[in-house]
Amino acid sequence: MNSNYSTLKMRRDVFEEALFKNLTIVLFGLIINYINGTLFYTFVTNVNFHSDSRYILYMQLIINDNVMVSIMVILHVLVYVCPTLNVSMCIVLLLIGENTHKNTPLNLAAMSTERFVAICHPLQHPLICTVSRTYMLIACIWVVGAIPGFINVIITIVFKPLSFFSSGRMCFHINIFQSVHHYYTDYATKILYMFFVWITLIYTYFRVVFSAKAATSDPVLSRKAQMTIRLHVVQLLLCMLSYITPVMDTTLTMLFPDFRSVILFCNAIITNILPRLLSPLIYGLRDQKFKKHMKRSLLCRKKVLTV
């Protein structure tokens, strides 16, 4: 009798824990997508932003974060709803998720470069940062961000039988891309991407600082650009937390083996969800011009809904 009661209580605890995790992840996803959706609505409904490369790149960051968070929520829920997912379908979801994950630091580098051009080369800025070139840059970001994922797929095709792609597995990166070749590919691309992004941020920041000291640019705009690039650095550091997540997971689970599930869940929230929650608050609400138009757009939308 006591044994049956203990088993039922354990199952109920496991169910409650799974329900809490899924509700938390879905809630965070809805909040982030709603905030980002509001920012995107403001951009779409105000034509003044459509010709500004700065806001176009910011919308690229917003859309990228929305896609990434949505994929994360889908993968997390699928683990509980459908534990063994078709490998081919899982690979598609993982490719989209990894692409958006790689896009984030590249987009931060692009936004910092745009601010550097605006401050240090104001006369050339309209010629260099045109709308068409900005969209070409965004396309390049998506292509470059997709390369590591497609390399992983090619490695899998080479080393796995075709039956592997029609089998069912839990949809985790390590369950699908599990060879040593995948490990070295991921390791190399992370180092290469981070090296490029950090060099870009450091270079653009100090060029903006030196430009301000030389009084070759508007000091107010220069200070704002410096702060923007600093925020890019903070955002990049938050994004880099996801790179050390496996080390954090392994270390903490060794110290607290009874709380493995809680540790994995909390690390996923801290390293992947929270940085995307801070993105719109750091950039969108800080920009007075964007904030003013956002209030106006929301008020107009509210009036339309109430009519």
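**Rings and a helix crossing**

Tyrosine 203 is partly exposed, since its relative accessible area is 45% (buried means under 20%, exposed over 50%, partly exposed in between, with a 1.4 Å probe and protein chains only). This is a predicted model, where local features need pLDDT of at least 70, side-chain atom pairs count only at pLDDT 80 or more, and totals for chains, interfaces and linings use all residues. Residues are numbered from 1 along each chain as its sequence is written, and side-chain values use heavy atoms, leaving out hydrogens and water.

Phenylalanine 116, with a relative accessible area of 10%, is buried. What about aromatic pairs? Rings of Phe, Tyr and Trp (its six-membered ring) pair if their centres lie within 6.5 Å; planes under 30 degrees apart count as stacked, over 60 as edge-to-face and the rest as tilted. By this rule the count comes to six aromatic pairs. In one of them, the ring centres of phenylalanine 116 and tyrosine 203 are 5.7 Å apart with planes at 65°, so the pair is edge-to-face.

Now turn to the helices, which are DSSP runs (H or I, at least four residues) numbered from the N terminus. The axes of H3 (residues 87-120) and H5 (residues 131-159) come within 8 Å and cross at roughly 135°; axes are lines fitted to C-alpha atoms over the stretch in contact, and angles run from 0 to 180 degrees between N-to-C directions. H3 and H5 are therefore oblique to each other (under 35 degrees is roughly parallel, over 145 roughly antiparallel, 65 to 115 roughly perpendicular, the rest oblique).

Technical notes. Helices (H or I, at least four residues) and strands (E, at least two) are DSSP runs, numbered from the N terminus.
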